[in-house]
Amino acid sequence: MARDWSSATGHEIHDALHHGTATASDITQSFLRRIEAVDGKVRAYVDIWKDHALKQAENVDSRLKRGQTIGPLAGVPFAIKDVLCTKHGHTTCCSRILKGYRSPFDATVIERLEQAGVVFLGKVNMDEFAMGSSTENSSVQVTRNPWDLKCVPGGSSGGSAAAVVADECVASLGSDTGGSIRQPAALCGCVGMKPTYGRVSRYGLVAFASSLDQIGPFTKDVEDLALVMNVISGRDERDSTSADIPVPNYSQALRDDISDITVGLPKEYYTDALNPEMRQKIESAVKILEARGAKVIEVSLPHTEYAIAVYYIICTAEASANLARFDGVRYGYRAPKVADVQEMYAKTKTDGYGREVQRRILLGTYVLSSGYYDAYYLKAQKVRALIRKDFEEAFQKCNVIATPTSPTPAFEIGAKTADPLEMYLSDIYTISVNLAGIPGLSVPCGLTQSGLPSGLQLLGKPFDEATLMRVAYAYEKNRGFDIGKPPLT
Amino acid sequence: MTKITKADVEYVAALAQLSLDEVTKERLVGELSDILSYMDKLNELDTRDIEPMMHVLPMTNVYRDDVVGPSLDRETALMNAPKTDGEYFLVPRILDIE
Amino acid sequence: MQYEAIIGLEVHVELNTQSKVFCRCSTKFDAPPNTNVCPVCLGMPGVLPVLNRAVVESAVAVGLALNCTVSSWSKLDRKNYFYPDLAKNYQISQYDLPLCRHGSLEIEVNGQSKRIGITRAHIEEDTARNVHDIGGGESGVDFNRSGVPLLEIVSEPELRSAQEAYAYLLQLKQILQYLNVSDCNMEEGSLRAEANVSVRPVGSTKFGTKTEVKNIASFSFTQRAIDYEIKRQIQTLEEGGTVRQETRGWDDRSGTTVSQRSKESAHDYRYFPEPDLVPIAMDETWVKRIREALPELPQAKRARFIEQYRLSAYDAGVLTSSKAMADYFESVLKAGAAAKPAANWIMGDLQALLTAAKTEIESCSITPNHLSEMIRLIEDGTISGKIAKHLLVDMFQTGKAPKALVEEKGLVQISDISWLEQVAREVIVANPGPVSDYRAGKEKTFGFLVGQVMKASKGKANPKLVNDILKQQLAK
């Protein structure tokens, strides 16, 4: 039997392909077998692209056979959050309203990764339209946390995180509007990054909240994170908000030297709301950074307590407009037997959207409606400015900010579905980052007593992903433990 | 305290083109009231002199040149249409709802 | 009671850029349904708009031509409402920071000029086109027009009659055409007008309830629709009724406006800043560059024509009615012709030929050089004015140079004095009655005698010489 590659990282696969010790086809087969073996439990994939993946792998192999050089991600198997448009297969955002939808174009990030020779294994699960923190809002299935199948993987990119951790792919793409990459990365135990707003093109990302959304990677280590960021970052003329700022080589930025770094600990994040075990994990992680020569100081982000209110006003307002287009006219679901257009709209939307999506659309419509705009939307935009200013001031004193990614480890499926507000409050540590537009990543910082992963969140200055990755890399190299693999088989 | 009424829920549902049954409306009155009450927290802050943050990035003037590029062929454009005659997207009768 | 009407106009102009406002699809008007479409203008999931620079520049050019203040900081907003012709179910438009504000437009009605305020001009995207009753009660939607750039120009409610509204529209159209930013074709929908109309007793300073008159498909309908609406409102008030705030559509067949929907159910558009597009920052150099590229506008040109070429106000008005016409006129002068005859020929015979042939001066087969040459042939006596009228028709049909045609057809005027004296003598002998009448003081018969000489010369005799010679001989 051929070697099982499924636990390999991207750079290990690249070495193997480069030295001819494996073919891309073997590697892809290995992952397809792994998916077959474990996805019945994890339920990360909503669409598996077996033939397409094998064809992409063959392309890499034939390049190698012809003696051509390949890029560092060529032949590396990826999974794609179903919120990204792909010409191949379907793009549904795990919503009934987009069931069977076929995008006529590839998202810019998909194009770039395809150029880089990546092998796409398929699309993975998410909260419907990326609205949620547990992936329970998917219309397709509930994804399980590979470490404990009774628990959620986090969300909204739960499928992307679970697939990486369950070795059902090497890396995956997700989207992060209020923590949807970092929180599941923390809850499942992998590396996940939300780049600076404008760093990665949003073209082909089905919009949830346009001023907050960013695409980012999930990987098994920081080295792979840098490789993916090297490919997907940079200006795209199809996205007016993608920044025309040079992209450094992130791989070259990974040095095990953080003696020039000052780490800020925001006092507002270390309160009683933080689970004591999580607090202890973060404290030991910070000690490791300190031991490697980083200076640690306390900083203040005084408007932190307002972030959730601001976030749920802005994201629902934008979503109420972004989701208006799913109306049964040009694509997607149309309710049967309707007499006129108005009935078509109402039935299509009411049947097509899940409960959380409807709730957010109504909330967003309300905060924009006549008479309430100033009290909610405008007010939120002003407080948003204050939140950004908090970060600007904090970054006068430090290079990175270290916080927990989530106040608690993964919770049980169904535990929070009854109370939307409680679910919203679990985003407390990730949301401000999207409001300020700055980059953030989550790196595993150990398992709790009950065997669930926890995540260290590192936040950086705008467009300074390189420093963020360097600190995460140094931590990863020196943390002195490996969280290992979930006991799936 | 109820922050919003059933009439408010009905009003925004009409704007959003959602048709809600009575049970759902009642549920939403409660849920949305809770969330909106939580948002009242923002009133603690005096923001009179604060410029609202419309964009994250300090970018202006991003344009494209006025050059025609390829369009989709019609078959592709209509590929996902729930109903079409091969030329147009077909929709049921349009009452005067504008 | 005496009433006065208060009218404000909202005009939507389709800008004639090559590509749409937020995507690279063509703006071409008559393409087969759903062929000038792409994921962006179909509002497919995952797409983002990118603003066409030419749209911003055209809009600013119009703003400057309408004496507007160009905003140094402007943004786009989402206007939310549902309709099958709206791809995203929100329209990208401009709400509280339009690109241009506080302008004016000067109109002239019955020889009186009046300045009408322009509230704002802003960029937005056009909607798709619904084709109703395609069969089985269904409608078809064609997204070719979706995303075609529009400029919405809103006037202050300072128009007081349908005639003023008509003059405003014509003047606006003229300016837009001078700027070459739109085809301004009302029938094809590239210029659409909506009128807000209310009436109030003369002397009152309070505005009456207004109605919005839509669905006006041509310039002449505008005047009729507004006239009708003013009369309807006055009649309603006279009969003790009240005017309802509503939208009314002009129905050309019945010549009336018909209620469409009442404003009570007005939309709550939930405008908010478009997060997918960054602000438009207009610095002074950019505005200056656009201003410097503006052509001379109709009003300035009219004034200059009166001043520089000593034309009447009327002639100057006709000659500047289009930029092409004015350019043609000036080219004729540049080729050497004097202003007055050039103006007369262009406005008279040439215009008649163009009208009959249903063509525009831009595609006229007579070049300005040829027209100038023809005028010179009249002035130097080579041809008569009467011959020239025929010559012009030939020039129009063949595109040939007047000199060549004169030679080819032998149209040169006869100025041979001895031959003309001989013909005059023969005419006098052959017409003793008229001659004695003339000598008895009946001057009218002189014309008859001239006509006889011209007839004998087949119209080629030099009319001035014929006059002189006949007068001389009759005086003997």
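Leaving aside neighbours within four places in sequence, S19(C) is in contact with D66(B), V67(B) and V68(B), and also with R24(C), C25(C), S26(C), T27(C) and N52(C). (Two residues are in contact if their C-beta atoms, placed from the backbone, lie within 7 Å.) S19(C) sits in the loop between β1 (3-14) and β2 of chain C.

Before going on, a word on the model and its labels. This is a predicted model, in which local features need pLDDT of at least 70 and side-chain atom pairs count only at pLDDT 80 or more, while totals for chains, interfaces and linings use all residues. Residues are numbered from 1 along each chain as its sequence is written, with chains lettered from A and ligands numbered from 1 in the order in which they are written.

Is S19(C) buried or exposed? S19(C) counts as buried because 23 other C-beta atoms lie within 10 Å. (Buried takes 20 or more other C-beta atoms within 10 Å of a residue's own, exposed 12 or fewer, and partly exposed is in between, again with C-beta atoms placed from the backbone.) If you want a sense of scale, look from S19(C) to Y438(C): they are 419 residues apart in sequence and 74 Å apart in space, C-alpha to C-alpha.

Two strands pair if DSSP finds at least two bridges between them. β1(B) and strand β2 (residues 51-52) of chain C run parallel and are joined by two bridges; R64(B) has N52(C) as its bridge partner in β2(C). β2(B), for its part, runs antiparallel to strand β10 (residues 138-142) of chain C, with three bridges joining them. There, L90(B) has G140(C) as its bridge partner.

(Angles run from 0 to 180 degrees between N-to-C directions, and axes are lines fitted to C-alpha atoms, for helices over the stretch in contact.)

What does chain B look like by itself? Chain B has three helices and two strands, in the pattern α-α-β-α-β along the sequence. Its radius of gyration is 23 Å, well over the 13 Å that the globule rule gives for 98 residues, so chain B is more spread out than a compact globule. (The radius is taken over C-alpha atoms, and the rule is 2.2 Å times the number of residues to the power 0.38.) The C-alpha trace of chain B spans about 55 × 45 × 25 Å along its principal axes, and 32% of its 98 residues count as buried.

Chain B also meets chain A, in a contact that takes 55 residues from chain A and 43 residues from chain B. On the chain A side, α10 (307-322), α11 (341-352), α12 (355-368), α13 (374-394) and α14 (420-425) each supply at least two residues. The largest share, eleven residues, comes from α13(A). This side of chain A divides into 29 nonpolar, 14 polar and twelve charged residues.

Back to chain C, which has 15 helices and 17 strands.

Finally, take a helix pair in chain C: α1 (residues 53-65) and α4 (residues 284-292) pack at an angle of about 70 degrees, with their axes 9 Å apart. That angle makes α1(C) roughly perpendicular to α4(C). (Roughly perpendicular covers 65 to 115 degrees; under 35 is roughly parallel, over 145 roughly antiparallel, and the rest oblique.) E57(C), V60(C), A61(C) and L64(C) of α1(C) meet V287(C), I290(C) and R291(C) of α4(C).

Terms used: Helices (H or I, at least four residues) and strands (E, at least two) are DSSP runs, numbered from the N terminus. Ala, Val, Leu, Ile, Met, Phe, Trp, Tyr, Cys and Pro count as nonpolar, Asp, Glu, Lys and Arg as charged, and the others, Gly among them, as polar.
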